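Subject: Structure handover

Hello,

Here is the structure I said I would pass on. My notes on what was found in it follow below.

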Amino acid sequence: MRVYVLSRNKDLYSTKRLVEEAEAKGWEVKVIDYLKCTIEIMKGELLINYQGKVLPTPDAIIPRIGASRTFYGAAMVRHFEMLDVFSTTGNLALTRSRDKLRSLQVLSRNDVDMPRTVFASNKSNAKDVIALSGGAPLVLKILEGTQGVGVVLVDSEKAAKSVLDAFYGMDVNLLVQEYIEEAGGADIRALVVNGEVVGAMKRQGAEGDFRSNLHQGGSAVAYKLNRKEKATAIAAARAMGLGVCGVDMIPSRRGPLVMEVNSSPGLEGIEKSTGINIAAKIMEFIEKSVKPTCAINPQKRKIKKDNIGA
């Protein structure tokens, strides 16, 4: 089996763990910086060049695409998919997951519960947005933010109007969501691989911070999902079409509410807090999904004519 991990940094914890588990299976594995790949497109033929050479076609890829490089990363994943290469994260699911508004629309259409959310243009009346969101306190999220950056809690309607006016004046796209006070600054991340929850952790925000992201100083402990939480995580992953993802939920009086579905979840926090070998679960997913062909693979393959990933 030949596997490529598409990652810009081979020293990141998640990248190293994926390489370790692939090597443990005796597979040929290589970390590919997708930004250093160049694609060639000709009639009936697609090639990928890397470090001055045509890149041999692998059996599978594991995309670890940074949020700021989604467009190029998704284009590279699509190129591999058209060569009939299995990807643990498809290009369409990747781009869908990186658009916060689109993700919530998809989840809503598939009856996955979430906090009440309002999206409006910068010409909208701030008072109407606040009222539609259920009133203060409210959470404001910049659509382009990641890892808890660009998330603001406002505790009064006056403060909410001031912040909304300020952001709208900067022509920033915002989501406005109800604040789930009973969550107490905690959330749950469930790791879903191939339609099954393989591990979960509860994250608690740093003192005085309602955001639970580990990048913002939060902490994490192993967590056992109840039946409804597990069903919600699986439903969210299925709705987004993601083979590997982290589903972030917050507890509420009406049950678990999905905040986000992360298409490139970090492995360090959940492996260390739960003791579960998540990287090995991803290798098992590949093993179940792919028949090795690299022994007879040429350096290039013809385009798969019926590929619908375009």
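In strand 4, L46 is the bridge partner of I41. Strands and helices here are DSSP runs, numbered from the N terminus, with at least two residues (E) for a strand and at least four (H or I) for a helix. Angles are taken between N-to-C directions and run from 0 to 180 degrees, and axes are lines fitted to C-alpha atoms, for helices over the stretch in contact.

On the source: this is a predicted model, in which local features need pLDDT of at least 70 and side-chain atom pairs count only at pLDDT 80 or more, while totals for chains, interfaces and linings use all residues. Residues are numbered from 1 along each chain as its sequence is written, and side-chain values use heavy atoms, with hydrogens and water left out.

Strand 3 and strand 4 (residues 45-50) run antiparallel and are joined by 6 bridges. Two strands count as paired if DSSP finds at least two bridges between them.

M76 lies in helix 2. M76 counts as buried because its relative accessibility is 1%; buried means under 20% relative accessible area, exposed over 50%, and partly exposed in between, with a 1.4 Å probe and protein chains only. Apart from neighbours within four places in sequence, M76 is in contact (heavy atoms within 4.5 Å) with Y34, C37, I39 and I48. M76 and I48 are 28 residues apart along the chain, and their C-alpha atoms are separated by 8.8 Å.

Helix 1

Helix 1 (residues 13-24) contains S14. S14 is buried, at a relative accessible area of 10%. The side chains of S14 and R64 are joined by a polar contact of 3.4 Å. A polar contact is a pair of N or O atoms within 3.5 Å; within protein, one must be able to donate a hydrogen and the other to accept it, and residues adjacent in sequence count only if both atoms are side-chain atoms. Leaving out neighbours within four places in sequence, the contacts of S14 include P265, G266 and L267.

The axes of helix 1 and helix 9 (residues 278-289) come within 9 Å and cross at roughly 55°. That makes the two helices oblique, a class for angles that are not under 35 degrees (roughly parallel), over 145 (roughly antiparallel) or 65 to 115 (roughly perpendicular). R17, L18, E21 and A22 in helix 1 meet A279, A280, I282 and M283 in helix 9.

Strand 11

In strand 11 (residues 174-178), 5 of its 5 residues are buried. L174, V176 and E178 point one way from the strand, and L175 and Q177 point the other way. Strand 11 pairs antiparallel with strand 8 (residues 117-119) over 3 bridges, where V118 stands opposite V176. Strand 11 also pairs antiparallel with strand 9 (residues 138-142), over 5 bridges, and there V139 stands opposite Q177.

The chain overall

The protein chain has 9 helices and 16 strands. Of its 310 residues, 50% count as buried.

Regards
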